[in-house]
Amino acid sequence: SQMPTCKSVIDMGSGQGFTKPLFEKLGKTWIGVTLGPDALVCQQNGIPILNEDFSFLPMVEKESYDLVFSRHSLEHSPFPVITMLEWWRISKQWMCVVLPQPVFWTVRGKNHNSVVYYDQAKWNFEQANWSIMWENQTEEEMRFMLEKVR
């Protein structure tokens, strides 16, 4: 409701398209970014995805999507600030990031290259030119709604 002009979403690390029906129910155009077996499942089921590394999206033009969405995917990047700079490039205005709480999930896990604590997450956002609009924390997750700093 705070973003009435948000019409399109690119879901980073979208897996098999779990969030697609949620965003479409809200009237948003959705596309996912995923790799490997999940990309094959999406392609077989007609789910729109980019079969690419979400840190490097040369085929996506600057400011192509209103919202970049990432739930439990940024921690898989070995260089989250660089990844978020790419997301800044392709976003028109917003980014929503859901990160795992290290105390709950630990800092280890399959391909978990950059699980961060709250202060580090905030610092990374600043370094990548994102400003926090609002945030919410639970025992399991940190949720951030961010806006581009121009």
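Helices, of at least four residues, and strands, of at least two, are DSSP runs numbered from the N terminus. With those labels in hand, note before you start that this is a predicted model, and then select His72, which is found in the loop between E4 and H3. The phi angle of His72 is near 55 degrees, a positive value in a residue other than glycine. Is His72 buried or exposed? His72 is buried, because its relative accessible area is 19% and buried means under 20%.

**The pair of helices**

Next, select helix H3, residues 80-90, together with helix H5, residues 118-127. Two packed helices are described by the angle between their axes and the distance between the axes. Here the axes of H3 and H5 come within 9 Å and cross at roughly 45 degrees, and H3 and H5 are therefore oblique to each other.

Which residues meet where H3 and H5 touch? Show the side chains of Pro80, Val81, Met84 and Leu85 in H3, which meet Asn124, Phe125 and Gln127 in H5. The residues of this contact of H3 with H5 divide into five nonpolar, two polar and no charged.

Stay in helix H5 and select Asn124, which is found there. Asn124 is buried, with a relative accessible area of 7%. Leaving aside neighbours within four places in sequence, Asn124 is in contact with Pro80, Val81, Met84 and Val116.

Now select Met84, and show the residues around it. Not counting residues up to four places away in sequence, Met84 touches Leu74, Met95, Asn124, Phe125, Ala128 and Trp130. Met84 also leads you into the largest nonpolar core, which has 25 residues, and among them Ile10, Met12, Met84, Trp87, Met95, Leu99 and Phe125 touch the most other members. To see where this core comes from, colour strand E1 (8-12), strand E2 (29-33), strand E4 (65-71), H3, strand E5 (91-100), H5 and strand E7 (141-148), each of which supplies at least two residues. A second, separate core has 14 residues, including Val9, Trp30, Ala39 and Phe69.

**A buried tryptophan in a strand**

Move to Trp94, whose place is in strand E5. Trp94 is buried, with a relative accessible area of 4%. Which residues does Trp94 touch, not counting residues up to four places away in sequence? The list runs through Met3, Thr5, Cys6, Asp66, Leu67, Val68, Trp130, Met133, Met145, Leu146 and Glu147. Then draw a distance from the C-alpha of Trp94 to the C-alpha of Lys148: these two residues are 54 residues apart in sequence and 6.2 Å apart in space.

Select Lys62, which lies in the loop between strand E3 (49-50) and E4. Lys62 is exposed, because its relative accessible area is 59% and exposed means over 50%. Even so, Lys62 touches Arg89 and Ile90, not counting residues up to four places away in sequence. A line from the C-alpha atom of Lys62 to that of Ser14, 48 residues away along the chain, spans 20 Å.

Continue to Lys28, in the loop between helix H1 (20-25) and E2. Leaving aside neighbours within four places in sequence, Lys28 is in contact with Cys6, Lys7, Val9 and Phe23. Between Lys28 and Lys7, which are 21 residues apart in sequence, the C-alpha to C-alpha distance is 4.8 Å.

Finish at Asn111, in the loop between helix H4 (102-105) and H5.

Key:
Residues numbered from 1 in each chain as written. Predicted model: local features only at pLDDT ≥ 70, side-chain atom pairs only at ≥ 80, totals over all residues. Heavy atoms only, no water. Axes fitted to C-alpha atoms, helices over the stretch in contact; angles between N-to-C directions. Parallel < 35°, antiparallel > 145°, perpendicular 65-115°, else oblique. Contact = heavy atoms within 4.5 Å. Nonpolar A, V, L, I, M, F, W, Y, C, P; charged D, E, K, R; others polar. Core = buried A, V, L, I, M, F, W, Y, C linked by side-chain atoms within 4.5 Å. Buried < 20%, exposed > 50% of the residue type's maximum accessible area, 1.4 Å probe, protein only.
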